[in-house]
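Please open the model and keep the sequence beside it.

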Amino acid sequence: MLSRRTQEHRAENALTAALARERAREGKLPAIVDLTTSNPTTAALPYARGALQASLSRPGALVYEPAPLGLPVAREAAARAFASTSVDIDPSRVAVMASTSEAYGALLKVLCDVGDAVLVPAPSYPLLAWLARFEGVELIPYPLVYADRWHVDLDAVRARVTERTRAIFVVSPNNPTGSYLAREELEALAAIGLPIVSDEVFAPYPLVGREDQPLRDALAEHGLAASALDVRHAAPLVFSLSGLSKLAGLPQMKAAWVGVGGTDSLARDALSRLELVCDVYLSVSAPTQHALGALLDASDGVTRAIRARTRKNLARLRAVMQAAPSCSVLQAEGGWYAMVRVPETRSDEAWALSLLEDERVYVHPGYFFDVARGAMLVVSLLCPEAALEEGARRIARHVEAHA
């Protein structure tokens, strides 16, 4: 009597079950060092609490003004947010939604019919599988290959395009590989002639270049693209996604935005269709829309703190891992995560289990993110510095003892 789309395999994986057991032992044993932190609101960051709270008390929040693509004040604030990451876009080409997950769902509705397919990177964040499943769309993975840095396998992308393919999805920088698209990769993808949907939520956090350097300059020095909107005139359609969750460290405020580029006629048609989808849900609250500009302004300190912490933690992780010749930290160019290659004498899940049970360190195994080759551990760079250093030392010690 219920749909297959929402039928979930409910068996716990081994790591989740082990974590529950170890959590139950806290108090008798030392606390677990959690190196999977992804929630900025619990990561000891310097939020301007007074300014954030005041931003939600604007008089407009009490008025219901249905605007499917977002209130003008919110669309203007989102356009300014794009500008802060070196992308210029007119507010009329921006749609405001409640989350990037909702944006993915809306774009799948706009681009695909049931049974169509989209190309997605692997490794990448597993949420896309559920979003596509809910829309009746098939995900076709294309590989990211590591050779000094992560590269898009462009030949594999081209080979996977069929008459059912409706879009190419990219994540730049990727979660968990930390890789931006190279400029030449972005141009090659645009040349395929399919719409590009680009998740750029981690774009404000480069791990290359100087910390005080403008984003576009820092990336250009390494041949990396700042945004898929850079090829908006070369691809038929381009959609760039960002939001408060990562840019401002405010996932609870529920606001994200989509910038639309491409040929004028297609971009207008896409926005019209997005408007129809958004009109059905009208999910973004009035208080958040009226507060969006102020929320972004008040969160500048948090953004800078995250940028500084992720860089320091990556440097710290690399330094600690030098004591473990069996491990290596893969190149990361941006975002909140780093990948540690460990010996293939056991699977990445087995390494994660033994680290949790023997060292009380919680990390994610690479297979959670569809890492197909090697044994990889995924470490959050958002963790407080002391936790990252202690966890890294335990990983290094454990791997060298059991390699």
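This is a predicted model: local features need pLDDT of at least 70, side-chain atom pairs count only at pLDDT 80 or more; totals for chains, interfaces and linings use all residues.

1. Find the largest pocket. It holds about 680 Å³ of space. Its lining counts 32 residues. Closest to the centre are Thr100, Tyr125, Leu127, Ser245 and Lys246. Select those five to bring the pocket into view.

2. Look at what builds that lining. Three helices each supply at least two residues: H4 (100–111), H5 (127–135) and H9 (244–247). By class, the lining of the largest pocket has 18 nonpolar, 11 polar and 3 charged residues.

3. Move to the second largest pocket. Its volume is about 440 Å³. The lining has 21 residues, and Ser84, Leu247, Asp300, Thr303 and Arg307 lie nearest the centre. Helices H3 (72–84), H11 (286–298) and H12 (300–321) are the elements that give two or more residues to this lining. H3 has the largest share, with 4 residues. The classes here are 9 nonpolar, 7 polar and 5 charged.

4. Turn to strand S9, residues 256–262. Is S9 largely enclosed or open? Buried means under 20% relative accessible area. In S9, 7 of the 7 residues are buried, so the rest of the structure largely encloses the strand. Check both faces. Ala256, Val258, Val260 and Gly262 point one way. Trp257, Gly259 and Gly261 point the other way. Residues on both sides are buried.

5. Which strands pair with S9? Strand S2 (residues 94–97) pairs with S9 in the antiparallel sense, over 4 bridges. Strand S8 (residues 237–243) also pairs with S9 in the antiparallel sense, over 7 bridges.

6. Finish with Val114. Where does Val114 lie? It sits in the loop between H4 and strand S3 (117–122). Exposed means over 50% relative accessible area. Val114 has 72% relative accessibility, so it counts as exposed. Leaving out residues up to four places away in sequence, Val114 touches Glu135 and Gly136. Gly391 is 277 residues from Val114 in sequence, and the two are 45 Å apart in space, C-alpha to C-alpha.

Notes: Residues are numbered from 1 along each chain as its sequence is written. Side-chain values use heavy atoms; hydrogens and water are left out. On a 1 Å grid over the protein atoms alone, a cavity is a set of points where a 1.4 Å probe fits but cannot get out, and a pocket is an open set with protein on both sides within 12 Å along at least five of seven lines; lining residues have an atom within 4 Å of a point. Grid points are joined across faces, edges and corners, and a volume is the space filled by probe spheres set on the points. Ala, Val, Leu, Ile, Met, Phe, Trp, Tyr, Cys and Pro count as nonpolar, Asp, Glu, Lys and Arg as charged, and the others, Gly among them, as polar. Buried means under 20% relative accessible area, exposed over 50%, partly exposed in between (1.4 Å probe, protein chains only). Contact means heavy atoms within 4.5 Å. Two strands pair if DSSP finds at least two bridges between them.
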